[in-house]
Amino acid sequence: MSTIILGIESSCDDTSAAVIKDGLLLSNAIASQKVHEEYGGVVPELASRAHQQNIVPVVDTAIRRAGISPSDISAIAFTRGPGLLGSLLVGTSFAKGMAIGLGCRIVDVNHLHGHVLSHFIRNTVTDRVPEFPYLCLLISGGNSQIILVNSPRDMQVLGQTIDDAAGEAFDKCAKVMGLPYPGGPHIDRLSQEGDPKRFKFAKPHIPELDYSFSGLKTSFLYTLRDNVKADPDFIENNKADLAASLQATIIAILLDKLDKAVKITGVKTVAIGGGVSANSGVRAAVADYCASHNLAAFIPERAFTTDNAAMVAIAGYFKYLDGDFCAMDAAPYARVSV
């Protein structure tokens with residue numbers, strides 16, 4: 001008998017549902033929320049209300065695209081946390097209600113585990129997946145971590161940010177440049193036209209494998225402040241070079257600690273995950289690093305870098321195989337580590 005997992009993701013501002021059958025992806029539907037752009041960031045109350053509007057049509061779309069019947073579903077996997085509590089409550093409540101109606105089990109998924117295991121999302125049985133153990137550089141707006149992945153159930157955080165995450169640095173520096181939210185993609189686009197060596201920004205000296213990006217943000221802000229005093233059009237006239245220099249600095253910080261982790265662990269496989277892994281500069285730098293160090297590189301499709309239910313479904317699939325189900329009275333949590 002086939003194992004069919006319906007995944008539901010609602011941790012922030014994207015409502016997503018996906019169907020996986022015996023480890024193979026059948027569908028992945030996503031409804032994004034544009035309402036937050038004018039506020040320069042996600043508004044939690046607006047996000048949870050949008051999830052309520054989107055979740056029924058999104059789940060229906062995922063099931064129809066997969067070509068299955070709701071009665072075929074073996075279990076429903078849902079993001080339990082971390083994330084915005086109001087948004088998580090929508091997905092959690094819907095998963096429970098649907099599972100009761102179908103008479104199937106539910107599986108709670110750590111959102112971060114979903115990003116780490118996104119490399120196991122396969123369209124065909126021949127698709128390449130990582131071998132354990134591997135190192136995963138998890139980089140997003142809320143997390144910057146180096147994780148040693150020994151198995152789907154055994155993950156060890158080797159290093160993490162002590163303040164801001166890489167994605168947060170991208171977005172906040174973009175904001176002071178007057179770029180729209182989310183700023184990361186705009187920095188990526190502009191950087192392709194700029195000189196990455198034009199400006200020098202501070203790099204933190206944090207021991208071992210932990211990250212810090214607050215000093216970089218301050219250095220970037222001071223650079224803008226000092227130059228705008230002399231030239232009010234400084235930002236507009238130097239946007240591409242500022243973006244390229246910022247992106248190059250963030251990548252250098254990320255790769256410095258990743259290189260140290262590779263040398264410490266001796267692991268021969270490196271993967272990246274999270275929203276910042278969609279950045280073209282990050283993707284190219286990690287690929288080049290792995291090629292030059294004879295390491296296997298796993299760089300996810302861009303569709304699986306941002307929040308999506310396919311990663312929730314595959315993480316739930318592994319837990320289902322282990323018989324690790326969730327109680328119906330389980331509550332979502334806003335914060336949790338890997």
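## Notes on a predicted model

1. Keep in mind as you read that the model is predicted.

2. Which residue forms a salt bridge with Lys 217? The partner is Asp 164, and the closest N and O atoms are 2.8 Å apart. Side chains of opposite charge can pair when their charged atoms come close.

3. The salt bridge count comes to 14. One of them joins the side chains of Arg 80 and Asp 108, at 3.0 Å from N to O. Here again distant parts of the chain are linked: Arg 80 sits in strand 4 and Asp 108 in strand 5 (residues 105-110), 28 residues apart. Are these two residues buried or exposed? Both Arg 80 and Asp 108 are buried.

4. For another setting, look at Glu 236. Its side chain meets that of Lys 239 in a salt bridge of 3.4 Å, N to O. Glu 236 has a relative accessible area of 54% and is therefore exposed. Some salt bridges share partners, and in this way Arg 80, Asp 108, Arg 153, Lys 319, Asp 322 and Asp 324 are joined into one network.

5. Now to the nonpolar residues. The largest nonpolar core has 45 residues, and Phe 213, Ile 250 and Leu 254 touch the most other members. Helix 8 (residues 239-265) gives the largest share of this core, 11 residues. Another core lies apart from it, with 32 residues, including Ala 77, Met 155, Val 312 and Phe 318.

6. Val 176, Leu 221 and Tyr 222 make a nonpolar surface patch of about 260 Å². Tyr 222 belongs to helix 6 (residues 214-230), and its 41% relative accessibility is why it counts as partly exposed.

7. Next, a serine. Ser 191 is in helix 5 (residues 184-191) and is buried, with a relative accessible area of 10%. Not counting residues up to four places away in sequence, Ser 191 touches Ala 240, Ala 243, Ala 244 and Gln 247. With Gln 247 there is also a polar contact of 3.1 Å between the side chains.

8. Finally, have a look at the backbone. Where are the cis peptide bonds? One runs from Gly 81 to Pro 82, with omega near -5°, and Pro 82 is in the loop between strand 4 (75-81) and helix 2 (85-102). Another joins Tyr 181 and Pro 182, with omega about -10°; Pro 182 is in the loop between helix 4 (166-176) and helix 5.

9. Positive phi values deserve a glance too. Asp 22, in the loop between strand 2 (14-21) and strand 3 (24-32), has phi near 50°. Asn 294, in the loop between helix 9 (280-292) and strand 10 (296-298), has phi near 55°. Asp 22 is partly exposed at 34% relative accessible area, whereas Asn 294 is exposed at 69%.

Conventions
Residues are numbered from 1 along each chain as its sequence is written. This is a predicted model: local features need pLDDT of at least 70, side-chain atom pairs count only at pLDDT 80 or more; totals for chains, interfaces and linings use all residues. Side-chain values use heavy atoms; hydrogens and water are left out. Helices (H or I, at least four residues) and strands (E, at least two) are DSSP runs, numbered from the N terminus. Buried means under 20% relative accessible area, exposed over 50%, partly exposed in between (1.4 Å probe, protein chains only). A polar contact is a pair of N or O atoms within 3.5 Å; within protein, one must be able to donate a hydrogen and the other to accept it, and residues adjacent in sequence count only if both atoms are side-chain atoms. Contact means heavy atoms within 4.5 Å. Patches are made of residues with over 30% relative accessible area and no salt bridge: like charges are joined within 9 Å, nonpolar side chains (Val, Leu, Ile, Met, Phe, Trp, Tyr) within 5 Å. Accessible areas come from the Shrake-Rupley method with a 1.4 Å probe; for residues, only the protein chains shown count as cover. A salt bridge is a side-chain nitrogen of Lys or Arg within 4 Å of a carboxyl oxygen of Asp or Glu. A nonpolar core is a set of buried Ala, Val, Leu, Ile, Met, Phe, Trp, Tyr and Cys residues joined through side-chain atoms within 4.5 Å.
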